Structures are given as C-alpha cells and as structure tokens.
Amino acid sequence: MLARVGTGAALAFVLALGAFGLLARGGAAPAPTPKPGAGPQLPPPSALTDRRISALQAIVRVRPGVAEGYVLLAGAYAQKVRENGDAGLYTRAAGLLRRALQLQPGDPGALTQRSALELSRHDFRAALGDARRARRAAPDADAPFGVLVDALVELGRYGAAGRALQAMVDRKPDLAAYARVSYWRELHGDLAGARRAMALALSAGGDTSENGAAVQALLSHIDLVRGDVGRAGHEARAALFAFPGLPGADAALARVELARGRAQPAIARLRRLVARLPLPEYLTLLGESEMAAGERGAGRRDLATVRAERRLLAAAGVDTDAEMAIFEADHGSPRRALALARRAWAAAPSIRSADALGWALTRSGRPRAGWRWARRALALGSRDPLLLAHAGLAARASGARAQSRGLLPAGAVLRPFSPSLAREVAR
Amino acid sequence: MRKLSVLVAASLAAVTAGVVAVVPGSGSSHREAPLTALDPTADDTDVYAFTAPDAPHALTVVANWIPFEDPAGGPNFYRFDDRADYYVNVDNTGDGRYDVRYRFNFKTRVRNKNSFLYALPGVTSLNDPELNVRQTYKITRLSYRGGRLTGARVIARNLPVAPDNVGPKTFPDYDPVAARAIRPLAGRGKVFAGQVDDPFFVDLGTTFDALNIRNGTGNAGGGKDDLAGYNVHSIVLQVPEPAVTRNHRPVASPRAANAVVGVWSSTDRHRLRVTGGRGHRRVRHADVQVSRLGNPLVNEVIIPLGRKDFFNATQPADDLKHFGKYVLSPELAKVMNVLFPGLNVPEDNRTDIVQALLTGIPGLTRIAPKAPPTDTLKINLGTPPTATPNRFGAIGGDTGGFPNGRRLGDDVVDISLRVVGGFLKGNKLPLGDGVDANDVPFRAAFPYVAPPHAGFDSQLKRVEPQHPPTPADPSQG
C-alpha cells in the first residue's frame, strides 16, 4: 500500500512536469527572427514535441524508478517519428517501454504504448496481444481501443475490427474514434461516409496541432480518391498551414499536383520531402514521377534508393514486406516480390497483403492467380486506386477484358498514387 | 478540478489508459490515425456557480473548456467544436438528474474560404471583414421532469463568440470588440461565450511534487501560479432564479425549499454507426457524453486513474453506486499521511467530505432532505452575495463561497487540502499551495472572468508574494 501511494505521488509529479514540458513555452526553442513584411513568424509546431522530449528525459533521469516517465517519453518519441519520420527513435522507444514494463509489469499504459509501437513496426500480431492485455488490465479505459482496432484491421479481421470500433465510438467519440471509423468505411468503399467521419475528427481536434493536420491530410486523401481534386488541394494546403512541413500533408499536396498533371511542382515538392524523410513510399512516388516526366536518370537513382531505405527501416525493426512486394513487382524482381508478399500474407492476411500477393503473381507471369488474389483484395469493396489498377491489369492479362475495363481507374485518379501504373493502364 | 484534471486525468488517462498521446509513428504506409488521450475541445475544465453582487436574484454560471490555451498558439487558435453539444446542467430536486439544461451549439464561419488565416490586422468589430474565422452559437433550453424531457426551446440563435485575442496588431483594442459578445437573453438573462483568462490558479509544481510546498506549509504565499497567462474558452450564463428553481419562483430566503440547485457542465459528441447508413444523422441516443464536471477536485483527487473515462461517461445520479467508496476513503488522505506522518489525516469513513461535496450541508447546500450523493456544484441562491469575500469560502466563515457554489476567487486548492486534511472533523491544518489568487483581477461586472491574454505579449506564470501565515482555521484570521 505504502509503495503504491508513493508511486502515485511521484507519478503525479511526472505528469505535472510532463504536461508542462508539453505546454510551457520558452526555453529550448530559440525565438524566431521576424522577417519584415513576412507576417508573424511562428516556431515550427514540432518544437513543442522537442521540448516535451527534453522535459521527459529530465524526469526519467531524476526519477528512474517511475514507470510512467518511460511510457510518456516513449510516446513523445513516437510523436516525433510522426513529425519527422526518424524510425531510429523506435529502437529507443522500445527500450524505454521494456524498462517501464520491468518496473510495472502489466501496466496498461505501457502495454498500450507498446502496442502502438508494434503497429508502427508492422508487427500486428504482437500489437493485438498487447492491446488485448491492456484492455484486460484497464477495462474502464478507452485508450486501448485505438490500438486494438488498428491491429485487427491490419490483420484482416475486419468484422472484429468493426465491432471493436463500434464499442470505441460508443464509449468515446473523439478524433481517434472518428478517424478510425473513416478508415474502416474507406476500406469498405464508402468514401462519402469516410469523408463525413473524417470531417467529425477534424472538427473535434486533438492533443496537438499535428493531430488535426494529420487528419486533414487524410481528408485530402479521401477527396483525391473520390476524384475531387480541388477539395483535396484545399485540405492539403490547410494541413500544411496548420502544421508546416508535416510529411503526410506535403505528400498529399504533391499527389494533388500529380492529379492536376503538374509533374514539375510535384517532383520538386517530393524531392524536398525525401531529403527530409526518405520513406520508401515517397521515394517510389518520386522516382515514378521522374520516370513519367522523362527524367529517367533521376528516377532510376531514386528508385534504387528505396531498397537502402528499406534496410534502414528493417534495422529499426519496421517490417515493410507488403509495400516492398509491390515495389519489387513494379521496379525490381517479381521473384523477390512473390517471396515478400507470401511472407506478408502469412504475417497479416489483410486486403493489403492479398493485393501484394496478387500483384506479385501477376508480375511473375501468373495473372490468373493474380486475378484471384486481386478479387480477394477487393472483397470488402475498397475503391483504392492501386488495388483497382492491380485487379484491372490482372484481369486484362488473364483475358477478362470486360471486367478489366470496369475496374481500371481513370488516369487522373491513379496517377497521384502511381504514375508508372497510370501510364501502363493508359497503354 | 480541472487543471489538475488535465494533468492528472489527461495524463492519467495516459497511464491507465494510454499515454498523453499514444502515437504510432509513420515508418511506412499502413494507415496511422492519431490516438489521442486528451480531447481539449470536449474537456470540461472548471465550473463556477455564484450569485453576483450586481445580479443578486440570478444564478451565474461560468463553465470552461479547452485547457491550457497558449495565447500565442497560432496559426490555428482555439474554438469550440461545431459538432459537439456543450451543456450547463441544473438539478433542482436533488436526485442528480438534470431538470434544466442549456445546450450550446456552435458554428464556425470562414469569410474567405481561400485563406487559412484567423484574422488580418485591424479588427475593430465582430463583423469586421478582417476577422476571417468567426463562431456563432445558439442556445436551447431543455426542461425535464423526473429525467423525462418535457420541453425544448431555442432561446437565442446566431450569437457571436468573442474571438481569440491574437494580439494588438490584429485587435488594436480587443476588449470593446469582445464586449460586443455579451448578449441579453429574453427574461433578463445574459450570456457570453469565447476566450477569456483561465480563472483557475494553482501551484502544480508543489501540488504534484509530492506536496513539496515551497514556503512553510503553503499558507504564507510564495507559490508559483502555473496557470497564469493561459486562456480558456468560457461560457458565462446568467439567468433569473425562476429559470432554474424547482417551482419556477424566485428564492425568498436561504431556508426556502427552492433555494438550492446543483450545477454541472458536460459535453456530448455524436455517435456514429461504423457501417455508415444513417449513423451520421441525429437520432435518439445518438449522442454520447464524453466529459462532465461539477465540484472541483472530485475527478482528480477522488476518482482513481482507471475509472476516469467511466466517470466522464456517467451521470451524477449514479455517483453513489459507482464512486461512493472512493469518496469515503480518498487516496489523497492516505498520500498526505505517508508524506507527512504527523498530520493524522483521517483516511476512512469520510462522511464529512461526502456531505460537503455530494449530499450537501443541511441548511446550506442540501437540495432536498434525502438527496443522494451526487457530484454537482450545489449553490444556495438565497445566500446574499458579500462585498468582502474570503478566499477560503465556508471554512473561512464566508458561507457565500465554496462549497456553497464556487466563486471565481475561491481558493479551491487550499480549501480542498484543508478539508481532506480533516478540517470539518476538527483536524485543522494550515495547508495550501502558496497561490492565493488569480494572476489577473476578475471583472466586477458580467462576464466577471478576466479578458484573455494577448498572443503578442503573453507571459506565463506568476509568483504569489509571501505574506504572514494564515491560521489553520481561516475564519479566525
């Protein structure tokens, strides 16, 4: 009892400082120099996360025996990765969570955070296990629902995910719940419903300006898939205004530019983006955009970088099998693609993995098998342009011409997601 | 209470629950929606209910949301959630169910949809074209009998929200612009909604560093107000007594049967059916309560970490069933004894706290003779307002203050520390956090709360000047 009370007080201390590390201004970030005529200069929003990290590091040094300090710091690192994509921080976050769970075995906060980390590393089964343990340890708490839903979705268990998500939104409708409702609807092809739910998430807002901006970038994505390029551009620019430099928003705006056929500004934007954050997804988009624009040398160089980045992510514990399978199928070796896709399917039998496997089969010269898997990928009703293009091309290669025509998305819709495939479809 | 609520609860939510922000990163392409633990736009942070000296026959309620607004928090600034329902609730029968509710619904209007700016320089009125983002709201008054809805009426619509005080270049003279957001209600009421100074004051550093008080036992000043300089979004509502009393009549005296009402704020959000269909439409039971607040400190000090989400989702009428045991044996009392072994704080059977906060003090704040324990802020509307309030309220001999309602200047942190310390059971301890007052003066007239700090020159934190110790029994001061 005594120890528990002591921990409570120390914990409160950690929390107080933690929250103030988040919120207090001044200190770490140098005052920005105002530029005449440029309007008010604002510190980059990510400075808040940096300050929070240093405050929590100080707390962990002063109170090394308090588990919550490690959990909060791991959460701050994860937030930092959201903002700058430095996956190396995952390794540090994992170490912190290990320490927290040694100090406080079964702590629901630590389990939830570890589940979030496992999701980021695409270890979905581990994430599901930790989410369930956190649920059992804190049945009245809402937070474990988010990671539970994400893990179920990524493992392809859409029915169970929908039920958990309904429970989540019944208990606490907020940004986290609304954004997940939106994604679930998007996966099922209900784009109008997805947009409505995401608009609720945006209106609700979150803990940080990054949360709101991230949601607005997702809104841009939905609009783009729906073919509403104007609105998609507005949402992406609004997200960048709210959180300058947010990678997801920058990528969203580049896609809008690609949809409008403005390849050069899109390429310039993507080059700036991958210079900061060379994720395989962005590098692939850049390389394909360059190839499509006739800059074949630059395109080949950027595409060649994807494998190196994948190795870096692997070193940080991130499993990229499903997306690398697509990359290998399009730009590398179909044989490697098939091996990666099989592994992805075994790890997480989701529509994403089915799509990867189907596309790898199609590219390996087995379009009939590819077409079967593509239909599985579309079983929920997804309107994802890449999934539709893969299915359509598989159908075309298997001789199902009529079905192919019904599936292949219009160039303007497909181009922002894969300029190479858009050209291939057009042929 | 709130601030504590944000810290503890938010972050406690964090702990039980999941961390200030359980955030997946973005190593690659699977969808990673944010996982938020804080929900500022729906976070009821504080409720005040008092009889204002300039409106002695009316109930005045200040209800606050969106904690820790940094005045320089651009570029987006702060606003109420257009899609949430904000409530001020009144229980006048003592059963913990609302008999009267005022619902506030907001609508954001953007003048120039191609601009993301909040405002351009030189805003001089609420309708100024340079004010790009504006909010308006409507108020619906709902009445109930025995928990059943008996009437709903829109009593005002299209009222303006006072804008965020971005700074002197945007608002050359902010206060007169914001004053235009004070609006009359039919039947001699008044209302205001918008950004104001956060009226709460507390030294969080001492309170949460294991009650590591800076100066003496916290009764001699010297504390650092960690909320100084922050803003909050406030709804201030003033309605004549008959609008909220049980028999719809004015209150004749403090002993009148209709004198006491219980007040709390709450926030609902729309539920969705995941599978779409008509889930986005407003249907019965389509809303979920995501936050509530009555007495300061109950959510933080009394409700244990793992149950805070549940507390926020439940109604005061069920408080005894769900949370009674935590009030009778408050964790804070145990913490105090562990940290300061000589204090002899009573740990169990704290019926004194139950009565002060939840059932009401007979003859002062008890709504009805057999009223069950409910976490509502109980105010006796018959108590005449005093010209010389004591920040210790009732335990300072000033029965017009907390826990008889709560005035803006009531020092609820010091009061709570002393009450949990056993004041009402004769164990009078000279405890406090060393912060005695708000960082800026409150206004004498509606809306009473102080204007918001401006973004341009905001200063955070303030230190309370040291002063001679207050006695353990503040009424003897």
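Predicted model: local features only at pLDDT ≥ 70, side-chain atom pairs only at ≥ 80, totals over all residues.
Local features are described where pLDDT is at least 70 and side-chain atom pairs count only at pLDDT 80 or more, while totals for chains, interfaces and linings use all residues. Residues are numbered from 1 along each chain as its sequence is written, and chains are lettered from A, with ligands numbered from 1, in the order in which they are written.

**View 1. The two chains, side by side.**
Let us start with the overall make-up. Chain A has 24 helices and zero strands, whereas chain B has nine helices and 14 strands. Helices (H or I, at least four residues) and strands (E, at least two) are DSSP runs, numbered from the N terminus. Buried residues make up 63% of the 427 residues in chain A, and 58% of the 477 residues in chain B count as buried. Here a residue is buried if 20 or more other C-beta atoms lie within 10 Å of its own, exposed if 12 or fewer, and partly exposed in between, with C-beta atoms placed from the backbone. Of the contacts in chain A with a separation of 6 or more, 51% involve residues 24 or more positions apart. For chain B, 68% of the contacts between residues at least 6 apart in sequence join residues at least 24 apart. Two residues are in contact if their C-beta atoms, placed from the backbone, lie within 7 Å.

**View 2. Domains 3 and 4 of chain A.**
Chain A is divided into domain 1 (1-26 + 44-120), domain 2 (173-261), domain 3 (264-318) and domain 4 (333-427); these bounds come from an automatic or database domain assignment. The centres of domain 3 and domain 4 of chain A, taken over C-alpha atoms, are 21 Å apart. Four residues of domain 3 of chain A are in contact with four residues of domain 4 of chain A. On the domain 3 side, the touching residues are two nonpolar, one polar and one charged. Ala, Val, Leu, Ile, Met, Phe, Trp, Tyr, Cys and Pro count as nonpolar, Asp, Glu, Lys and Arg as charged, and the others, Gly among them, as polar.

**View 3. Helix 17 against helix 18 in chain A.**
The axes of helix 17 (residues 321-331) and helix 18 (residues 334-347) of chain A come within 8 Å and cross at roughly 160 degrees. Axes are lines fitted to C-alpha atoms, for helices over the stretch in contact, and angles run from 0 to 180 degrees between N-to-C directions. Helix 17 and helix 18 of chain A are therefore roughly antiparallel to each other; angles under 35 degrees count as roughly parallel, over 145 as roughly antiparallel, 65 to 115 as roughly perpendicular and the rest as oblique.

**View 4. Helix 8 of chain B and its neighbours.**
Within helix 8 (residues 351-359) of chain B, the buried residues are B:Ile353, B:Ala356, B:Leu357, B:Leu358 and B:Thr359. They pack against helix 4 (298-302), helix 6 (319-328) and helix 9 (412-420) of chain B. Just after helix 8 of chain B comes B:Gly360, with a positive phi of about 95 degrees.

Most residues other than glycine have a negative phi, and most peptide bonds are trans. B:Ile66, in strand 2 (residues 55-69) of chain B, has a positive phi of about 60 degrees. B:Phe68 also lies in strand 2 of chain B, with a positive phi of about 55 degrees. B:Ile66 counts as buried, with 23 C-beta neighbours inside 10 Å, and B:Phe68 counts as buried with 25. A cis peptide bond joins B:Phe402 and B:Pro403, with omega about 5 degrees. Another cis peptide bond joins B:Phe446 and B:Pro447, where omega is about 5 degrees.

**View 5. Around B:Ala437.**
B:Ala437 lies in the loop between helix 9 and strand 14 (462-463) of chain B. B:Ala437 is partly exposed, with 16 other C-beta atoms within 10 Å. Leaving aside residues up to four places away in sequence, B:Ala437 touches B:Phe201, B:Arg391 and B:Gly409. The C-alpha atoms of B:Ala437 and B:Asp225 are separated by 8.7 Å, although these residues are 212 residues apart along the chain.
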